[in-house]
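Please open the model in a viewer and keep the selection panel at hand. The stops below proceed from one selection to the next.

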Amino acid sequence: MPLRCCCRREMCCSATGRKSSPCRAQSPKRGGEWCRCFPIGCNVENACYSLGVCAERIAIQKAISEGHTSFRAMAIASDMSDFITPCGACRQVMREFGTDWNLYLTKPDGTYIVKTLQELLPLSFGPEDLQKA
């Protein structure tokens, strides 16, 4: 189900504003996330790169800790001149909550494209696959 225009605008603007978080000293790829009905996430980076956590996973984990388990959309923003997409690990974490939700990939100029998680992670492995013998 697509979000209403005012919700899309609010979500994309909110994600764009969040990318100035001070917790990302290591990467030039500054990103921010916004999911309707729960707080924004930001990259939390570490000198040991593998210990850093992307904004998408921060936002989802924060939502889960507050009792949200059903998602309709997420906006992803960065300072990069092209649309930014979630990394593979973030896509797999998102997949845990279904494939039929929209990802709004934004640019600094305010333009965005919408992709479903299914489009970004085709032929994925999910919780239902654990039930197969």
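## Starting at a strand pair

Select Met74 and Leu103: Met74 stands opposite Leu103 in strand 4. Strands here (E, at least two residues) and helices (H or I, at least four) are DSSP runs, numbered from the N terminus. The model is a predicted one, in which local features need pLDDT of at least 70 and side-chain atom pairs count only at pLDDT 80 or more, while totals for chains, interfaces and linings use all residues. Residues are numbered from 1 along each chain as its sequence is written, and side-chain values use heavy atoms, with hydrogens and water left out.

Between the two strands the chain passes through helix 3 (residues 88-95), and the β-α-β crossover is right-handed. That term applies if, with the strands pointing away from the viewer, the path from the first strand over the helix to the second runs clockwise.

Next, colour by accessibility. Buried denotes under 20% relative accessible area, exposed over 50%, and partly exposed in between (1.4 Å probe, protein chains only). Six of the six residues of strand 3 are buried, so this strand is largely enclosed by the rest of the structure. One of its sides carries Ala73, Ala75 and Ala77, and the other Met74, Ile76 and Ser78.

Then select residues 102-106, strand 4: five of the five residues are buried, so strand 4 too is largely enclosed. Asn102, Tyr104 and Thr106 lie on one side, with Leu103 and Leu105 on the other.

## Across to strand 5

Select residues 112-116, which form strand 5; five bridges join strand 4 to this antiparallel partner. Asn102 stands opposite Thr116 in strand 5. The hairpin of strand 4 and strand 5 has five residues between the strands, and there Gly110 takes a positive phi near 95°.

## The nonpolar core

Which residues have the most contacts inside the largest nonpolar core? Select Ile60, Met74, Met94, Trp101 and Leu103, which hold that position in a core of 13 residues. Two or more residues come from each of helix 2 (55-65), strand 3, strand 4 and helix 4 (117-120). Helix 2 gives the most, with three residues. Such a core is a set of buried Ala, Val, Leu, Ile, Met, Phe, Trp, Tyr and Cys residues joined through side-chain atoms within 4.5 Å.

## Salt bridges

A salt bridge is a side-chain nitrogen of Lys or Arg within 4 Å of a carboxyl oxygen of Asp or Glu; the count comes to three.

- Arg95 and Glu128 meet at 2.2 Å, N to O. This pair links distant parts of the chain, with Arg95 in helix 3 and Glu128 in the segment after helix 4, 33 residues apart. Arg95 is buried at 7%, and Glu128 is partly exposed at 41%.
- Lys62 and Glu66 have their closest N and O atoms 3.0 Å apart. Lys62 is partly exposed at 37%, as is Glu66 at 39%.
- Lys132 and Asp129 have their closest N and O atoms 2.8 Å apart. Lys132 is exposed at 59%, whereas Asp129 is buried at 17%.

## The whole chain

Finally, select the entire chain, which has four helices and five strands. From the N terminus on, the elements run α-β-β-α-β-α-β-β-α. Buried residues make up 37% of the 133 residues.

How values were computed. Two strands pair if DSSP finds at least two bridges between them.
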